[in-house]
Amino acid sequence: MKKTLAALMMAAAVAATSLTAFAEEAEIQNDKYVQEHMPGQSVEVLLDEDMNASELKVTNKLTSGKDAVESVTVGKNNDGKDALILKLKTTYGTKASNIAGDIQLRNKNTNSIVKTYSFDFTAQWKKAAVDADAELEIVLDNETPVYAFHSSNKNVTFSFADVDAYFNVRLEDQADVNMHYTTKAIKSIVQANEDADLSFLQFNGNPTFDFNGTLTYNVVDNDKDWYLYEVNSENKLVKTKAEYNKEEGTLTLKTKTLSSYVVSDKELKAVAVSDSTSINTTPNKTDKNPSTGSVDFVNVAVALAVVSLAAAGAIAMKKAK
């Protein structure tokens, strides 16, 4: 019995040592996964070698943040390994969502709990540190799309890393805005207007300002006539009141809220726009797809093994009496 207990204590010590080394990599605190993520990313928990995903089912015991989670599944990850996968929803707000609680893996046949994983982390877009300058000139690249302005900021001009356009707007105690954008084309518009020269600029979070700003888009050929269309909240293509200056080669639009825009050298046909039919005709090297991000959270409950081993020792001692 003493040898058995000693072996259990040694195994517990090894597990505790492994946890300490792994905690620095995976950010485990108090047996909970706490590493921050961006919306749209996935958290992957690799299963223990003796666990078979095909024999398991998921019980979602999250106490907060369920609305920020698109799905919780157990199965093969992209590397073909068995994993518990939390897929976060791709949203474009400015606030953090806290995902906390437990996810249980249960045996499909017996419904018994095989393992429990604990989570307490946030999902949020990275925020840019804005200095208290009188005027700001910011080049957007989606690395830090959320901007929290200082009370002394009175004006800002946003330009883009890969689009010849800019947005200038007045500020006065402006609330946070998410300026995440994409140049992906909308397939249904492209297919319905194959003879048009099209450019796309879509603001995923529809950032809204307190004052009207000016969106200016520099066209590629000022010998043509150009038009600026908006994909509105009903997914309808609508011609805007943008003004085209042929001499300057610019389209300008006054607006408080930035939406999804299409620049065309021809008047476009009305089409039913579908978000699911987007294609990227203008690759944006800085437009990182959040859904591709994942973190391998290996054996997150190593600390629980210490408790389990101690419990096993207590049971063994009880049986020996």
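These legends describe close-up views of one predicted model. Local features need pLDDT of at least 70, side-chain atom pairs count only at pLDDT 80 or more, and totals for chains, interfaces and linings use all residues. Residues are numbered from 1 along each chain as its sequence is written, and side-chain values use heavy atoms, with hydrogens and water left out.

**View 1. An open six-stranded sheet with mixed pairing.** The strand order is β10-β12-β13-β18-β22-β21. Strands are DSSP runs (E, at least two residues), numbered from the N terminus. Two strands pair if DSSP finds at least two bridges between them. β10 (135-140) and β21 (243-245) are the edge strands, each pairing on one side only.

**View 2. The β12 and β13 pair.** β12 (residues 155-160) runs antiparallel to β13 (residues 165-170), over five bridges. Asn155 stands opposite Arg170 in β13. The charged end of Arg170 sits over the ring of Phe211, 3.9 Å from its centre (CZ of Arg or NZ of Lys within 6 Å of the ring centre and within 35 degrees of the ring normal).

**View 3. An aromatic cluster of Tyr147, Phe149, Phe158, Phe167 and Phe209.** Rings of Phe, Tyr and Trp (its six-membered ring) pair if their centres lie within 6.5 Å; planes under 30 degrees apart count as stacked, over 60 as edge-to-face and the rest as tilted. Phe149 and Phe158 pair edge-to-face, at 6.4 Å centre to centre and 65° between the planes. Phe149 is buried at 12% relative accessibility, and Phe158 is buried at 0%. Buried means under 20% relative accessible area (1.4 Å probe, protein chains only), exposed over 50%, partly exposed in between.

**View 4. The tilted pair of Phe167 and Phe209.** The ring centres are 5.5 Å apart and the planes lie at 50°. Phe167 belongs to β13 and Phe209 to β18 (residues 208-218), so the pair ties together parts 42 residues apart in sequence. Phe167 is buried at 0% relative accessibility; Phe209 is buried at 2%.

Methods
Helix = DSSP H or I, 4+ residues; strand = E, 2+ residues; numbered from the N terminus.
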